[in-house]
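Me: Hi! I have a model open and would like to talk it through with you. Could you start with the wording you use, then go on to the details?

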Amino acid sequence: MEKAPLDATLDVIDRLSQEREEAAAKAIDALARYKFTMFGYWAGVWVHLNRIAGDKQENPFRVLVALARTLPG
């Protein structure tokens, strides 16, 4: 039996939310290991998923960006 369209939509939103959480965790892990390119990749994945998920969340990297703006250079 097929799922109703609303159920399928909710499943997609749940999956996008899980993928977004995973991308944030991978970005932070990459940053902690000095893998700056991979941090940028996973942060970009998070931003993309946040745009298409439909339930926009606050950017978890906002604090890092604010800190980076205070550093010289």
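Reply: Happy to. Buried means under 20% relative accessible area, exposed means over 50%, and partly exposed is in between, using a 1.4 Å probe and protein chains only. The model is predicted, so local features need pLDDT of at least 70 and side-chain atom pairs count only at pLDDT 80 or more, while totals for chains, interfaces and linings use all residues. Residues are numbered from 1 along each chain as its sequence is written, and side-chain values use heavy atoms, with hydrogens and water left out.

Me: Great. Is Asn50 buried or exposed?

Reply: Asn50 counts as buried because its relative accessibility is 8%. Asn50 is placed in helix α2; helices here are DSSP runs of H or I with at least four residues, strands are runs of E with at least two, and both are numbered from the N terminus.

Me: Which side chain does the Asn50 side chain make a polar contact with?

Reply: That of Arg20, at 2.8 Å. A polar contact is a pair of N or O atoms within 3.5 Å; within protein, one must be able to donate a hydrogen and the other to accept it, and residues adjacent in sequence count only if both atoms are side-chain atoms.

Me: And where does Arg20 lie?

Reply: Arg20 lies in helix α1. Arg20 is buried, because its relative accessible area is 1%.

Me: What else is Arg20 in contact with, leaving aside neighbours within four places in sequence?

Reply: With those neighbours set aside, Arg20 is in contact with Trp46, Leu49, Asn50, Ala53, Asp55 and Gln57. Contact means heavy atoms within 4.5 Å. Asn50, not counting residues up to four places away in sequence, touches Arg20, Asp55, Lys56 and Gln57.

Me: Let's step back to the helices. How do the axes of α1 and α2 cross?

Reply: The axes of α1 (residues 5–32) and α2 (residues 36–53) come within 8 Å and cross at roughly 160°. That makes α1 roughly antiparallel to α2. Axes are lines fitted to C-alpha atoms, for helices over the stretch in contact, and angles run from 0 to 180 degrees between N-to-C directions. Angles under 35 degrees count as roughly parallel, over 145 as roughly antiparallel, 65 to 115 as roughly perpendicular and the rest as oblique.

Me: What kind of residues make up the contact of α1 with α2?

Reply: They divide into 18 nonpolar, one polar and three charged. Ala, Val, Leu, Ile, Met, Phe, Trp, Tyr, Cys and Pro count as nonpolar, Asp, Glu, Lys and Arg as charged, and the others, Gly among them, as polar. On the α1 side they include Ile13, Leu16 and Arg20, and on the α2 side Phe36, Trp42 and Asn50 are among them.

Me: New topic: what about Tyr34, buried or exposed?

Reply: Tyr34 is exposed, because its relative accessible area is 67%. You'll find Tyr34 in the loop between α1 and α2. Phi of Tyr34 is near 60°, a positive value in a residue other than glycine.
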